[in-house]
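I opened this structure to look up a few points of its architecture. My notes follow in the order I took them.

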Amino acid sequence: MLEKINQPNDIKNIRPEDYRILAKDIRRFLLQNVSKTGGHLASNLGIVELTMALHLVMDFPKDRLIFDVGHQSYVHKILTGRKEGFKNLRQFHGMSGFPKRKESDCDAFHSGHSSMSLSTALGMAAARDINKTDETIVAVIGDGALSGGMAFEALNNMSRLRQERKNLIIILNDNKMSIAENVGGMSAYLNRVRTQKEYVEFKGNVEQSLSKIPGIGDGLIRVLKKSKDSIKQLFVPGMMFEDMGLTYVGPIDGHDIPNMVSILKRAKQLQEPIIIHVVTKKGKGYIPAEKNPAKFHGIGPFSLKNGEVIGKSNRPSNTKIFSETLLQAATDDPKIMAVTAAMPDGTGLQKFGEVYPERFYDVGIAEEHAVTFCAGMAANGLKPVFAVYSTFLQRGFDQVLHDVAIGNYPVIFGLDRSGLVGADGETHQGIFDIPYLSMIPNVTVMAPVNGKELREMLLFALHHAKGPTAIKYSRGTAESLYEESFEEISFGKGQVLKEGKDVVLLSVGNMLSESVKAIQMLKEKGYDAGLVNPRFVKPLDDKLLDRLAKKYSCIVTVEEGILNGGFGSMVMQYLYSKGYRGKIRNIGIEDQFVEHGSIPELRKMLKIDGENIARSVQKWMEEK
């Protein structure tokens, strides 16, 4: 069947009796390709029939389909003529694992973070009506993403569409999961709704019967729909969606293509916003993914036979070191609390939740709430630790500034995936945390260069933090370089790892290995370079900087982050304000978003790998 799918809308030429065969072919295709490249598997296996139904009803690229988060867009890419791209999925200069407008006209909007689809769809609906065009706009949002506050802001705003009689279709893809098992009130609400199949059948029978009454049937239906005391109250708890101005249909089977096609066609004719509640099974069609969907949410290359990841390192990851250290510290300190925003597995906090369930909080996809929730705990004497991906803490920036930093509350932020993360691309690269945190008063930012230092920094923060403290650490295996040279951590103090004569490199966190390579290459060129581990990005170690300024005529900072507002710019500002007359040069990422690819490939492209660092330093040393 897949041989017949080569461009948008080809699926419309498939006979209905062959839909199940096509769905099976798509799942086989996904498994064969993602097992080689890695990627987001479980969510895409679960959305095969739903995506097929949407493509059977919609007309691409005219119509607009917005995927919340976007990691579940693989089937959409297959059906819009991008099968060949899966050979290089998420690889350098290959096809993205997320929707990209520059990749295809059929991708309506780029996405990568949660809970944004409804706001986007609402904006597109407004533009459609202003421009007097007639495209269909559909947003697909998961039940996990619906726990995010931004989604509710959009739902609240959608009542205007109903008043103006404007069409917008929302698909609630309910698979009981975000990445981990869903938590909170929205999850409980949807669990109750799922059990109300009788309501859907009853509602349809009543409306069908009433519509046959000449002259008054349609009026009675409208009265029933508007009445707060209608029969619906007996079946659906809360009537939350309809009370917010949305016609609600469901729950329906998300793997029943003919039924979904029928409902979607009727939904297109409605002159009002409609939410279609679709129940799907994450990981469907591959038993290992069905049994452990969290593992197969985002996975590296794996064996199709047993589902095990290929070539997994035996050395501990930074995530594991952070989470195990936190768990050990919590044994002796009952005030330590662990918080995650729907990422207990990704941040390593799952074990903490099992051992100390009363001190562990998964708040769902709600980073803003998580930050202020931690502020409330810290204000009353607890020690909250919020483990969060660097790219996701951006969503709580105002709360860090307003609710934590102004009160100077000792909330600890474990910034996982800080720096380049590789295959997830622009939306997930953790390259902005130094600028967006360092600009906030009272905030301390630390960056460990190896696994031992990460452990000791967390313990230091737990025992000595006086205000908001962020520890930024990279994805993957922890570094072991210079562990034998560890010196006790002192607040705001860096460490000289190697003395030199000609130039000194101040290497932030995970750039240590590249800096060590560069120093060796410079040695071969006749330059004796020193090496400094700043440890603290903020506050700067001004006494150490003063000493370096007296010794070296060239000072180079190295960081895996945006230069504008980064560590290097802070060092430059300080030294020049003190009258330093030597050369200060900054190595980091220029003003740009960084595409997907392996970390070594991206570092080389960005000229922040060891070879390019050495080449740049040599050039600067040779300048008059």
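I first noted the rule for handedness: a crossing is left-handed if the near helix is turned anticlockwise from the far one by less than a right angle, and right-handed if clockwise. The model is a predicted one, where local features need pLDDT of at least 70, side-chain atom pairs count only at pLDDT 80 or more, and totals for chains, interfaces and linings use all residues. Residues are numbered from 1 along each chain as its sequence is written, and side-chain values use heavy atoms, with hydrogens and water left out.

Entry one, a helix pair. I looked up helix H1 (residues 19-37) and helix H3 (residues 48-57), whose axes come within 10 Å and cross at roughly 125°. Helices here are DSSP runs of H or I with at least four residues, and strands are runs of E with at least two, numbered from the N terminus. Axes are lines fitted to C-alpha atoms, for helices over the stretch in contact, and angles run from 0 to 180 degrees between N-to-C directions. H1 passes H3 in a right-handed crossing. From H1, the contact (heavy atoms within 4.5 Å) includes Tyr19, Leu22 and Ile26; from H3, Val48 and Met52 are among the residues involved.

Entry two, a lysine. I found Lys100 in the loop between helix H4 (74-79) and helix H5 (117-131). Is Lys100 buried or exposed? Lys100 counts as buried, at 8% relative accessibility; buried means under 20% relative accessible area, exposed over 50%, partly exposed in between (1.4 Å probe, protein chains only). Leaving aside residues up to four places away in sequence, Lys100 touches Asp107 and Glu426.

Entry three, a sheet. I traced an open sheet of five strands in the order E12-E14-E13-E16-E17, with mixed pairing. Two strands pair if DSSP finds at least two bridges between them. Strand E16 (residues 554-562) pairs with E17 in the parallel sense over six bridges.
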